[in-house]
Amino acid sequence: MSALKQILANKSLAYYYAQKGVRILPLRRALGACVARLMKLGGGKLAPPESGTVAQRLSQELENTGFAALPEKVLSAGKLEEIHCQLKTCPLYDYYGSDKTYKLAAVPADVIKVRYGHADVLACRGLMDLANDPDILQAVAQRLGATPILATVDAWWTLGEHNRAANKAFDDIYHRDADDLRFVKLFVYLTDTSLTSGAHRFVLGSHADDRFVRRGPIRDEDVESAYPAAAMLTVTGSAGTGFLEETWGIHRAMLATEGRRLIFSAIYTLAAQTPFAPAKPLLPLPSGYNRYVNRRLFY
């Protein structure tokens, strides 16, 4: 569906597409500051992180490099087993928009990426507890300048074993996201993840510069000639590994040609309602969750 048709169907998407077209970094920063001030009026503001806390470290690392690891928040083996058991009976959908549904054991050989439905992901308390972790919310609020809103959550499989031909999708090529004027993403590997099963790569510091800001893919050779090798962070890790990232910075998934990777993501925004989010809140708000933060997902 075109952007215009999506806006006509859902007028709240007008802001999303308008900010997405702002590619001049100083202008994005200035507009982001204005939106943050407006959002504080409606949602209040979480207290700033105290010195020496996990939240303070996360916000500082995000500011410095655009990336922050979460060693304190690694999901336990028991929690991972619970998540996998809960999801294993849920249908999977073609990642790129087809209405077809599959079971994991019967995904066709020509389908490389499949995702779970939003309601099934939201029902995984282990995932949503992490997305609502107080340290993470406090760090993200510090970076956004206002209490964040969870725009959407997703969990999807990349089936590298189905991609022996090494075909690249759009997210396997360097790019910048533009989900809001200010936004942060949480990623969590739910399976062991290696270089050949879909490891994530991020260009450290690229969230704060104005190179390659036009819309569209960015060639490998351009990125590699513009940034030092030390800036190329490739995140491999065991199941349960998580990290925060400002994906306005340049990033990609490493091409998966072996094994299977399951990953969870959550997007924290100032105001944007993304076109790939649920059209309306899907489930009752769990006890202990901030209603403002979760208002797009839970009723």
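Which residues form a nonpolar patch on the surface? I24, L27 and L31 do so, with about 260 Å² of accessible area together. The structure is a predicted model, in which local features need pLDDT of at least 70 and side-chain atom pairs count only at pLDDT 80 or more, while totals for chains, interfaces and linings use all residues. Residues are numbered from 1 along each chain as its sequence is written, and side-chain values use heavy atoms, with hydrogens and water left out.

**Surface patch**
- Patches are made of residues with over 30% relative accessible area and no salt bridge, and their nonpolar side chains (Val, Leu, Ile, Met, Phe, Trp, Tyr) are joined within 5 Å.
- I24 is placed in the loop between helix 2 (13-20) and helix 3 (25-43).
- I24 counts as exposed because its relative accessibility is 56% (exposed means over 50%, buried under 20%, and partly exposed in between, with a 1.4 Å probe and protein chains only).

**Nonpolar cores**
- A nonpolar core is a set of buried Ala, Val, Leu, Ile, Met, Phe, Trp, Tyr and Cys residues joined through side-chain atoms within 4.5 Å.
- The largest core has 56 residues, of which M128, L186 and F264 touch the most other members.
- Strand 5 (residues 149-159) contributes the largest share of this core, 6 residues.
- Another core, of 10 residues, lies apart from it and includes W156, Y189, F202 and F243.

**Cysteines**
- The count of disulfides (pairs of cysteine sulfur atoms within 2.5 Å) is 0.
- C85 is in no disulfide, and the nearest cysteine sulfur, that of C124, is 10 Å away.
- C124 is in no disulfide either, with the sulfur of C90 nearest at 6.7 Å.
- C124 is buried, with a relative accessible area of 0%.

Notes: Patches are made of residues with over 30% relative accessible area and no salt bridge: like charges are joined within 9 Å, nonpolar side chains (Val, Leu, Ile, Met, Phe, Trp, Tyr) within 5 Å. Accessible areas come from the Shrake-Rupley method with a 1.4 Å probe; for residues, only the protein chains shown count as cover. A salt bridge is a side-chain nitrogen of Lys or Arg within 4 Å of a carboxyl oxygen of Asp or Glu. Helices (H or I, at least four residues) and strands (E, at least two) are DSSP runs, numbered from the N terminus.
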